[in-house]
Amino acid sequence: MKTKFSEYLTALRRKNGYTQAQIAQRLGISRSSYANYENGNRSPNFEVLEQIADVLDCSLDELFGRHRGFSGNPAGLLMEDPVSYGRRAQKQPGKMERRLAVGAQDFRFIREKNTYYVDKTQMIGEFLESWYQVTLITRPRRFGKTLNLSMLAEFLDGTKDSAALFEGLKISRSSWMCELNRHPVVALSFLNVKADSAEGMLRQLSGTLLGEYRRYLPVVDGSGLPGERSAQFYHIYQILRRAEDSEELRSCLKDSVSVLCQMLEDIYQKKVYLFLDEYDTPFLSASEKGYYDAVRDVLSGLMSAALKGNPSLEKALLTGIQRVAKENIFSGLNHLMVCTVRDSEYGDCFGFTEDEVRALLEYCGVSFTDEVRAMYDGYQIGGAELYNPWSISCYAARRKLEPYWVNTSENGILKHALSQRETSFAASYRRLIEQKYADVVAELSTAYYEEANDASLWGLLVNAGMLTIEEQLGEDFYRLRVPDREVWTAFRELTAFSLQVEESDLWMMLQDLQRGDMESFAEAYQRILLELPSCYDLKSENSYHMMMLGICAFLEKDYIVKSNRESGQGRGDILLYAKKPGDANIVLEFKYTKDTSQDLGELAGEAVNQIREKKYDAEMKGAVRYVGLAHCDKQTEIRWDFP
């Protein structure tokens, strides 16, 4: 349906003289996906909104019909500088309360702007109390890792004056305040160290390290240390500035962190705290883009020198999605602690508890409902039940129950992995779609690209936030489930990718099925079969059944999906139980033949008769649609009956 946003979007596009096809091309999406925005069928996430604003040369306010400078804050307003979490502001006479900062990942920015902040400073005490020299915390994207490391660095860094930022927070009431701004700190984020080529990645890595070298350049210049003590620092600094791919650059990159730490220890006469955010992003990007072998020595060398051969290191804290094991960058560390999503350490430091969610939504004047819980709740991390902080913050800002967390640009390695899945994985995936859980062996501490097997793929899905652990059934044996309704949208996208079909085409086909427009459904289904890649396995009735079952994940909001469940006098292939009164139930029965001379129409009719005779709809209440699907390779015929 049309919304104010879709109307403003259409008007701004026309004002700029773009066709739908032209703007879709500029955004890097299909025309049908863009058309859904203007039709009101779908809403873009924040990243796409920013791209649209750039293409149309307008602000986010203007996309929602707001003029610059307006001082109100009604439901649905998007800030022009999107940023995440913030703290409760004190009301002052004549001033409005501060807003959320949706997307901000810098602790100082959030506190100085006096925005709403969910207090996670208890993490500082837990980190300082830890007996481990090097700690690796694996969490999904957008669970507050970057913000928390920014907070830790802000607290310990001796070059800063951060007392006012921590006033009134949990840590301010602890004995650890004596450590405030007392230490040398190296803080790096590899979040954006990713590129399409090895050369591009080395430039990104050089730029990230150069930023920290520049930050300490005045300190080194004024240190009074003899020139020979600082010569290596200046040498690396100049090489990082040029960032020209060479053996000299590669050598300097390997030594850059350890040399900087040594320099700071010499100056401050204290060992250094090292914080490295999203440390595994370069490894994942290089693997996905196919140039891992060209950068592996640099990446592993840098990490090893910083963490293993670094006598100037006091403590290090790393965050990422998974542990990179193959390069042995952590071997030889006697005090390494790896905190996965199943471990209790730092359990409540990433993600929002329900109490924190309720407080945030109350502050924003948004109701906490069962629908909110179903949409965004469900992560089990370290024994705590948590909500995705990004999604809750976006919901509080926009007041619309929509999927916000799923970011298509971050699903590359998942898509690549699923495209290579084997029969054993497909069977468990089917159970996941049908039952909402699957009992599987999952390896949480091995990177999928290092050991590409079913166990590491399930582990990747858990570490990436696509699945959560419901229960540990044995050693490396877990019951996994999809956390919430929001994440189902990601499974729909991944299913479409694995079929190499447009997600919008799958959605329209299912809409035809729901409406009972069977001729359009049959045409769309045949078209999708013809578009399937030649390598897609369609060798039996079960393969078509499995393909369609994955597609039916799109219907999770409106239907209970069951497969091969006993009903009536047999087992129907796919049974769709309508959740809403008045919607029709649907039974799908599949047939397959290798005989190219067999009449597929008759075979599909037999499938419909089988549904009727075996009473597969015995447990369904209300209207039912019988659908028979017959196949021979990529040719199909569909028959139906609405009794």
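Predicted model: local features only at pLDDT ≥ 70, side-chain atom pairs only at ≥ 80, totals over all residues.

Visitor: Which residues line the second largest cavity?
Guide: Pro140, Val341, Tyr379, Gln380, Ile381, Val462, Gly465, Leu467, Thr468 and Ile469.

Visitor: Which element gives the most to that lining?
Guide: Strand β6, with three residues. Both β6 (379–381) and β9 (468–474) supply at least two.

Visitor: How much space lies in there?
Guide: About 40 Å³. The whole structure has three cavities of 30 Å³ or more.

Visitor: Switching to rings. How many aromatic pairs are there?
Guide: A search of the whole structure finds 16. Take tyrosine 544 and tyrosine 592: the ring centres are 5.8 Å apart and the planes sit at 35 degrees, so the pair is tilted.

Visitor: What does that pair tie together?
Guide: Parts that are 48 residues apart in sequence, because tyrosine 544 lies in helix α23 (residues 541–551) and tyrosine 592 in strand β13 (residues 585–592).

Visitor: And tyrosine 544, buried or exposed?
Guide: Buried, at 0% relative accessible area. Tyrosine 592 counts as partly exposed, at 24%.

Visitor: Which residues form an aromatic cluster?
Guide: Phe107, Tyr117, Phe155 and Phe166 form one.

Visitor: Now α11. Where is the kink centred?
Guide: On serine 256, with a kink of about 50 degrees. The helix covers residues 247–268 and reaches 32 Å from its first C-alpha to its last, close to the 32 Å expected.

Visitor: What comes just after α11?
Guide: Glutamine 269, with a positive phi of about 60 degrees.

Terms used. Residues numbered from 1 in each chain as written. Heavy atoms only, no water. Helix = DSSP H or I, 4+ residues; strand = E, 2+ residues; numbered from the N terminus. Expected span 1.5 Å × (residues − 1). Bend = angle between axes of the 7 residues up to and from the residue. 1 Å grid on protein atoms, 1.4 Å probe; cavity = no way out; pocket = protein on both sides within 12 Å on 5 of 7 lines; lining within 4 Å. Points joined across faces, edges and corners; volume = space filled by probe spheres on them. Phe/Tyr/Trp six-rings, centres within 6.5 Å; stacked < 30°, edge-to-face > 60°. Buried < 20%, exposed > 50% of the residue type's maximum accessible area, 1.4 Å probe, protein only.
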